[in-house]
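Please open the model in a viewer and keep the sequence beside it.

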Amino acid sequence: MYDPQLHHDFRLLLSSTKNVKPLREFEPFSQRAFANLSRIKKLFNRLYGSLDQAEEQYWLLIQDLIHAFKERSLPLRRQDLDREAKRDWYLNEKLVGMMLYVDRFAGKLSDFEGKVDYLTELGINWVHLMPLLKSPEGSNDGGYAVSDYRSVDERFGKLEDLKRVADKLRSKGMLLTLDMVMNHTSDQHEWAQKAKAGDPFYQDFYYFFEERFMLDEYEAGMPEVFPHSAPGNFTYVEELKKWVMTVFHKYQWDLNYRNPIVFREMLKVLLFLANLGVDIIRLDAVAFTWKIPGSTSQNTEEAHVILQLMKACAEVVAPGFAFIAEAIVAPQEVVRYFGEGENYGRECEIAYNATFMALLWDAVASSDTTLLKMGIEGIPPKPKGTTWINYLRCHDDIGLGFEESHLYSLGKTPFLHKKYLVDYYSGNFEGSPALGAPFAFNPKTGDARISGSLAALAGLEKAVAEQDQDLLDQSIRKILMLHGIILSYGGLPLIYYGDEIGTGNDHSYLDQPDKSYDNRWMHRPIMDWEKADKIEVEGSTEARIFNGLKKLILLRKSSPEMADHNSISIEDSENPAVFAFLRWNMEGAKTLVISNFSDSPQYISSALISRCGFTPYATMDKLEGEAIRMYHDLLEVPAFGQYWLTDLPTFEAFQAAKEMDKLKQEFEWPRGN
Ligand code: GLC
């Protein structure tokens with residue numbers, strides 16, 4: 001919106017700021033600023049408009065943007081322009097990610113550089129390096145308690161090393177994601193230390209209360225995130241004789257975004273990370289940033305405005321920089337992080353599809369995909385230009401909250417169903433092959449989540465321990481089938497490090513006092529490179545998983561319909577054990593993905609295939625590279641098997657199939673009998 005006064009003041013500010021010469025270089029920045037100034041002001045005022053300092057802080061914020069742009073390197077500025085023109089850079093089928101802890105995967109950042117080829121060999125071209133900024137030794141929640149946002153922790157190396165890694169990835173056409181821990185700092189952060197020393201300016205950076213009764217209203221509405229290891233939401237600071245808000249662990253102090261200076265400081269951190277060459281930032285714990293007494297203090301309107309404002313500012317400085325919302329909340333709430341109302345599609349471009357992930361695990365434990373289908377149909381549509389991260393495992397636990405009305409309609413009691421899942425994945429249910437463990441059991445509510453690696457939850461770990469060949473084959477098929485889903489479902493697939501070779505649980509955390517209270521460490525393994533070497537050994541478990549996954553990745557990348565333009569429909573397979581969805585694009589490419597969640601062969605009728613616009617007898621499976629065989633109009637889907645169905649090739653496609661044939665000779669696709 002054109003606002004002559006605002007624009008005039010902006011021009012003045014820009015020309016009076018030191019070192020912005022030549023002004024010509026600031027042209028794209030200025031244009032973007034003109035387009036966004038009024039919106040930024042409006043959003044800023046929604047948070048801070050009632051404060052005396054609002055006007056002053058607004059202009060300081062704009063000045064922060066000028067400084068951040070000044071710091072942005074020429075290659076990144078150029079990349080911004082390219083990405084502005086090519087909005088779908090983060091939506092396309094070519095992207096396949098992996099998340100990993102640098103130290104546990106490789107050692108230091110310099111060691112990580114030597115492992116990049118291993119990632120590219122698999123087909124990874126986007127990496128999420130888990131928290132590596134400075135955090136205290138000992139308990140630091142896996143780096144999610146940051147004590148300095150502008151330096152790399154010495155466990156990983158130096159800031160220069162991170163810059164070199166970012167450059168190396170960019171030169172290889174790979175994308176980089178880092179975390180921005182925005183809800184809280186470590187209690188060792190300079191701001192927290194100054195607050196603790198009595199400085200009122202910094203005490204205002206956090207939520208402090210002198211008397212217990214003052215926080216009771218907050219506490220009453222707030223759930224506990226870690227009820228087992230960090231009960232309550234406040235911690236008493238002896239030195240100050242005051243309470244400070246600590247929603248996560250007691251060493252993670254919640255930032256007070258009601259203070260505009262906190263907002264500005266955190267925005268500067270965000271842009272600092274963007275200027276390092278981060279392509280996609282993972283905004284940690286975004287649901288928690290604005291607290292309101294008496295409410296759950298999650299997903300508040302203002303928490304969304306904070307993100308919209310950050311996005312609007314980032315669009316001015318670094319438009320080629322995308323946001324991931326880490327909001328592990330109910331689906332109706334998650335989609336709000338893409339932006340709604342007048343901010344539709346203008347908040348975070350990407351969000352974790354935690355609901356989908358949990359539903360997949362439900363379907364595995366139940367050999368039934370009915371709840372999965374109901375659950376994803378219940379996820380509200382998302383704006384064009386936004387996308388999901390689809391994943392099976394990450395460094396966190398798996399929450400098992402499903403829409404209760406869905407469970408009731410299936411004759412299931414939510415509490416008992418959750419208990420079944422917790423028992424199943426902890427291996428406490430007769431016949432379950434899983435070896436996970438309950439996480440954050442809350443005796444007050446009976447609630448629990450699940451920890452455990454993919455291999456442990458899928459039965460592979462048990463199969464290896466018991467040398468059970470059938471279970472081994474079955475769990476490898478299950479692991480590949482699940483990966484096949486996240487690689488073809490609408491969104492960006494994100495693979496968890498170690499899962500590509502079937503890494504089991506790591507129990508070494510139990511001997512470390514700074515970790516033993518948190519069993520999420522059981523699925524944060526130290527990468528076993530001897531095990532990884534076995535991908536070269538034909539027929540080994542590692543080779544079967546790695547090569548199977550590699551082939552799926554290749555297929556995804558060569559299927560343009562896998563790009564996420566909301567081009568997916570869930571299909572009725574008429575068989576509860578079978579999950580089917582169709583992916584397509586405007587150019588007519590399409591793939592029907594069919595997956596069997598049970599340990600016995602299942603059948604689907606040719607009607608499903610016809611309904612999706614294929615001729616059943618002229619249909620091929622891309623995974624096998626050959627025509628499907630139907631028996632009396634029925635297609636058999638092997639136990640934990642999967643098809644990626646498409647039209648039988650025309651001549652050009654025939655050539656492609658021949659290519660695939662060559663590939664097949666290299667990779668053995670594990671399939672049931
Ligand atoms: C996010 C992280 C989790 C961490 C929490 C607090 O949810 O994924 O690991 O404990 O934020 O920072």
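**First stop: a helix**

Select helix H21, which covers residues 469-488. Helices (H or I, at least four residues) and strands (E, at least two) are DSSP runs, numbered from the N terminus. H21 has 20 residues and spans 29 Å from its first C-alpha to its last, close to the 28 Å expected at 1.5 Å a residue. The expected span is 1.5 Å times one less than the number of residues in the helix.

Before going on, note that this is a predicted model, in which local features need pLDDT of at least 70 and side-chain atom pairs count only at pLDDT 80 or more, while totals for chains, interfaces and linings use all residues. Residues are numbered from 1 along each chain as its sequence is written, and side-chain values use heavy atoms, with hydrogens and water left out.

Is H21 enclosed or open? Since 17 of its 20 residues are buried, H21 is largely enclosed by the rest of the structure. Here buried means under 20% relative accessible area, exposed means over 50%, and partly exposed is in between (1.4 Å probe, protein chains only).

Next, display the side chain of Asp468 at the start of H21. One of its side-chain oxygens reaches to within 3.2 Å of the backbone nitrogen of Asp470. This is a polar contact, that is, a pair of N or O atoms within 3.5 Å; within protein, one must be able to donate a hydrogen and the other to accept it, and residues adjacent in sequence count only if both atoms are side-chain atoms.

**Second stop: the ligand**

Select the ligand and the residues around it. Which residues surround the ligand? They are Asp141, Tyr144, His184, Phe226, Phe248, Gln252, Arg282, Asp284, Glu326, His395, Asp396 and Arg520. A residue is near a molecule if one of its heavy atoms lies within 4 Å of it.

By class, this shell holds three nonpolar, three polar and six charged residues. In this scheme Ala, Val, Leu, Ile, Met, Phe, Trp, Tyr, Cys and Pro count as nonpolar, Asp, Glu, Lys and Arg as charged, and the others, Gly among them, as polar.

Now show three of these side chains in turn. In Asp284, an N or O atom of the side chain is 2.9 Å from an oxygen atom of the ligand. For His184, the distance from a polar side-chain atom to a ligand oxygen is 3.0 Å. For Arg520, a polar side-chain atom lies 3.2 Å from an oxygen atom of the ligand. On its own the ligand has 310 Å² of accessible area, and the protein covers 95% of this. Such areas come from the Shrake-Rupley method with a 1.4 Å probe; for residues, only the protein chains shown count as cover.

Select the cysteines. How many disulfides are there? The count is zero, a disulfide being a pair of cysteine sulfur atoms within 2.5 Å. Cys348 is in no disulfide, and the nearest cysteine sulfur, that of Cys313, is 14 Å away. Cys348 is buried, at 1% relative accessibility. Cys612 is also buried, with a relative accessible area of 4%.

**Fourth stop: two backbone angles**

Most residues other than glycine have a negative phi. Select Asn299, in the loop between strand E11 (280-284) and helix H13 (301-317). Asn299 is not a glycine, yet its phi is positive, at about 55 degrees. Its relative accessible area is 13%, so Asn299 counts as buried.

Then select Ala440, in strand E15 (residues 437-442). Ala440 likewise has a positive phi of about 55 degrees without being a glycine. Ala440 is buried, with a relative accessible area of 7%.

Go to Thr17, in the loop between helix H1 (4-16) and helix H2 (27-48). Is Thr17 buried or exposed? At 5% relative accessibility, Thr17 is buried. A polar atom of its side chain lies 2.6 Å from the backbone oxygen of Leu13.

Finally, select Thr120 in helix H7 (residues 116-122). Thr120 is partly exposed, at 33% relative accessibility.
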